[in-house]
Amino acid sequence: MTARHLATAHGAKHLLLLSRRGEDAPGATELTAELAALGTKATITACDTA
């Protein structure tokens, strides 16, 4: 996944992740926790770009 790659390979400290369901998306909580363990603060926001 791109977010994990940005956190591990590039040392991203802050990420804004967009999806239609935001924090209600399946796996969003787990991903936020995983990224936090890598030292990255992730903000997941609902956004429909269409």
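Colleague: What should I know about the model before I start?

Modeller: The model is predicted, so local features need pLDDT of at least 70, side-chain atom pairs count only at pLDDT 80 or more, and totals for chains, interfaces and linings use all residues. Residues are numbered from 1 along each chain as its sequence is written, and side-chain values use heavy atoms, with hydrogens and water left out.

Colleague: How many helices and strands are there, and in which order do the elements run?

Modeller: Start with the term. Helices (H or I, at least four residues) and strands (E, at least two) are DSSP runs, numbered from the N terminus. Here there are two helices and two strands. From the N terminus on, the order is α-β-α-β. The radius of gyration, taken over C-alpha atoms, is compared with a globule rule of 2.2 Å times the number of residues to the power 0.38. The protein has a radius of gyration of 11 Å, close to the 10 Å that the rule gives for 50 residues, so it is as compact as a globular protein of that length.

Colleague: What box do the C-alpha atoms fill?

Modeller: Roughly 30 × 20 × 15 Å, along the principal axes.

Colleague: What share of the residues is buried?

Modeller: Buried means under 20% relative accessible area, exposed over 50%, partly exposed in between (1.4 Å probe, protein chains only). In this protein, buried residues make up 24% of the 50.

Colleague: Which residues make up the largest nonpolar core?

Modeller: A nonpolar core is a set of buried Ala, Val, Leu, Ile, Met, Phe, Trp, Tyr and Cys residues joined through side-chain atoms within 4.5 Å. The largest one here has 10 residues: Ala-3, Ala-7, Ala-12, Leu-15, Leu-17, Ala-28, Leu-31, Leu-35, Ala-42 and Ile-44. At least two residues of this core come from each of helix 1 (2-9), strand 1 (14-19), helix 2 (28-37) and strand 2 (41-46). Helix 2 gives the most, with three residues.

Colleague: Which residues does Ile-44 contact?

Modeller: Contact means heavy atoms within 4.5 Å. Leaving aside neighbours within four places in sequence, Ile-44 is in contact with Leu-17, Gly-22, Glu-23, Ala-28 and Thr-32. Across the protein, take the contacts with a separation of 6 or more: residues 24 or more positions apart account for 69% of them.

Colleague: Is Gly-22 buried or exposed?

Modeller: Gly-22 counts as buried, at 1% relative accessibility. Its place is in the loop between strand 1 and helix 2. Beyond four places in sequence, Gly-22 is in contact with Ala-28, Ile-44, Thr-45 and Ala-46.

Colleague: Where does Ala-46 lie?

Modeller: Ala-46 lies in strand 2. Not counting residues up to four places away, Ala-46 touches Ser-19, Arg-20, Arg-21 and Gly-22. From Ala-46 to Thr-8, 38 residues apart along the chain, the C-alpha atoms are separated by 24 Å.

Colleague: Is Leu-16 buried or exposed?

Modeller: Leu-16 is exposed, with a relative accessible area of 57%. Leu-16 lies in strand 1. Residues up to four places away aside, Leu-16 touches Thr-43 and Thr-45.
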